[in-house]
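Good morning, and thank you for coming. Please look at the sequence and the structure on the screen while I speak.

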Amino acid sequence: MGLAAGDRLFPVLDAQPKILAPAEPQPLMTPHTELVFEDVHFRYLRSRPVLQGVDLSIPFGETIAIVGPNGCGKTTLANLLPRFFDPVQGRVLLDNTDLRDVDLVDLRRKIGLVTQQAHLFDDSVMNNIRYGNLEASDAEVVAAAEQAHAHEFITKQLVKGYDTMVGQGGCRLSGGQRQRIALARAILRNPEILIMDEPTSQIDLQSEKLIQDALEHFIIGRTAIFITHRLSLLSLAHRIVVMQGGK
């Protein structure tokens, strides 16, 4: 059984990643002044384009909301920013520097990401939040939880408070609780760029209101990109970008 498993595992371990850091990375300014998508094309399958000639400029400090029907390319566009993928044509630029010329660690250190499905580990609440900044103290973790409106339920509803084990994928928590812990993790990271991909689509109205209140203050002084259909989050945006058919 071990040999059979190894036959499947070793090719994965030996595979070379498609996303590589440059040999001589260019430095990034802190904070950046502008994020630009320049004639960006992307496809997962050769016969099916997902993004077609997208041009979008986002100055530092602006909050934009990206809306559109399912499958129009909203999430794919956001995933190009931390270089989960690279464009097949065109460029994504930070201050006129192509992201492919930037060190991956430096780039991703600038970005906080909260998705529709919060990725939690079978560990304590404290460690799940600290994953946003492994060097953070307990006090800094608690402060981030307070800012995300998560501290109250952690201390009053969870038996062991911050030492409570959340279960695989956070299965012992409600959807709203998982999302607020994910938001606390992003707040602890203190990113220049915050990406929120449908963060309130599967939670109750009370949790949505708490997350909106937290974001209203947190997005000040940073670039924020919301992918959402919820009017509550759209109200936080300076500008709404509508996508249709990858354009």
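Predicted model: local features only at pLDDT ≥ 70, side-chain atom pairs only at ≥ 80, totals over all residues.

Let us begin with helix H8, which runs through residues 205–218 and has 14 residues. From first C-alpha to last, H8 reaches 20 Å, close to the 20 Å expected. Which residues of H8 are buried? They are Ser207, Glu208, Ile211, Gln212, Ala214, Leu215 and Phe218. These residues cover an arc of only 165° around the axis, and therefore they lie on the same side of H8. On the other side of H8, Leu205, Gln206 and His217 are exposed. The buried residues pack against several elements, including helix H5, helix H7 and strand S8. At the start of H8, a side-chain oxygen of Asp204 comes to within 3.1 Å of the backbone nitrogen of Gln206.

I turn now to salt bridges. Side chains of opposite charge can pair when their charged atoms come close. The count here is ten salt bridges. In one of them, Arg91 pairs with Glu38, with the closest N and O atoms 2.9 Å apart. Arg91 belongs to strand S4 and Glu38 to strand S1, so this pair ties together parts that are 53 residues apart in sequence. Asp86 and Arg83 also form a salt bridge, at 2.7 Å from N to O, and both of these residues are buried.

Finally, the cysteines. How many disulfides does a search of the whole structure find? The search finds zero. Cys72 counts as buried, at 2% relative accessibility, whereas Cys171 counts as exposed, at 55%.

Terms used. Residues numbered from 1 in each chain as written. Heavy atoms only, no water. Helix = DSSP H or I, 4+ residues; strand = E, 2+ residues; numbered from the N terminus. Expected span 1.5 Å × (residues − 1). Buried < 20%, exposed > 50% of the residue type's maximum accessible area, 1.4 Å probe, protein only. Arc of directions from axis to C-beta. Contact = heavy atoms within 4.5 Å. Polar contact = N/O pair within 3.5 Å; in protein donor to acceptor, adjacent residues only side chain to side chain. Disulfide = S-S within 2.5 Å. Salt bridge = Lys/Arg side-chain N within 4 Å of Asp/Glu carboxyl O.
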